[in-house]
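Hi,

Here is the structure I said I would pass on.

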Amino acid sequence: MTMDTKPDAPRKSGRRLAREYAVQGIYQSLLSGNDAPAIDAHLSEDPGFSKVDRKLFRQLLNGALDNAETLRGHFSGLIDRKVEELSPVEHAILLVATYELAHMIETPYRVVINEAIELTKEFGGADGHKFVNGVLDKLAPALRAVEVEAARNRPRG
């Protein structure tokens with residue numbers, strides 16, 4: 001899993017890049033067992049890393065790794081297989097998105113879900129985004145009950 005650094009690629013915000021690199025870092029951790037400082041040092045050498053919102057990247061990377069078991073507990077009952085059977089990409093994305101839903105309420109839950117879907121489309125398997133969307137759609141009301149209920153009650157127009 002590597003970041004898209006082609007010159008003709010659309011420009012991405014520092015926040016989007018922070019999520020991408022956090023997912024890549026957690027992916028690395030899942031496969032290699034590397035810790036956050038080693039991952040941070042490795043990823044910060046990538047040429048595209050200069051455009052990353054570093055504060056958000058570190059918050060997501062450290063938060064997801066430090067709280068991984070708790071985060072898995074939030075979504076493990078919502079998936080149709082054991083956590084160990086998830087693809088590493090989907091697993092990493094679910095950890096980042098679940099951390100963001102649980103601990104970063106300043107980011108609207110719909111933004112968290114949309115970002116996770118886009119990351120899964122970019123880096124995951126063919127229908128992985130549908131799986132991630134389904135899990136997060138079920139998880140959001142549990143972690144953001146007031147916000148989700150308010151969105152449901154908002155008149156559409």
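Reading from the N terminus, the elements of the chain go α-α-α-α-α-α-α-α. That is eight helices and zero strands, where helices are DSSP runs of H or I with at least four residues, strands are E runs of at least two, and numbering starts at the N terminus.

Some housekeeping: this is a predicted model, so local features need pLDDT of at least 70 and side-chain atom pairs count only at pLDDT 80 or more, while totals for chains, interfaces and linings use all residues. Residues are numbered from 1 along each chain as its sequence is written, and side-chain values use heavy atoms, with hydrogens and water left out.

On overall shape, the C-alpha trace spans about 45 × 35 × 30 Å along its principal axes. The radius of gyration is 15 Å, which agrees with the value near 15 Å for a compact globule of 157 residues (taken over C-alpha atoms; the rule is 2.2 Å times the number of residues to the power 0.38). Of the 157 residues, 45% count as buried, meaning under 20% relative accessible area, with over 50% exposed and partly exposed in between (1.4 Å probe, protein chains only).

Now the helix packing. Helix α4 (residues 68–75) packs on α5 at an angle of about 95°, with the axes 9 Å apart (lines fitted to C-alpha atoms, for helices over the stretch in contact, with angles from 0 to 180 degrees between N-to-C directions). That makes the two roughly perpendicular, a label for 65 to 115 degrees; under 35 is roughly parallel, over 145 roughly antiparallel and the rest oblique. The α4 side brings A68, L71, R72, H74 and F75 to meet H91, L94, L95, T98 and Y99 of α5, a contact being heavy atoms within 4.5 Å. By class, that contact has six nonpolar, three polar and one charged residues (Ala, Val, Leu, Ile, Met, Phe, Trp, Tyr, Cys and Pro are nonpolar, Asp, Glu, Lys and Arg charged, and the others, Gly among them, polar).

T98 itself sits in α5 (residues 88–103) and is buried, at 0% relative accessible area. Leaving aside residues up to four places away in sequence, T98 touches L71, H74, F75, L136, L139 and L143.

L143 turns up again in α7 (residues 128–143), where A140, P141 and L143 meet A145, V148 and R152 in α8. The α7 and α8 (residues 145–153) axes come within 5 Å and cross at roughly 110°, so these helices are also roughly perpendicular.

Cheers
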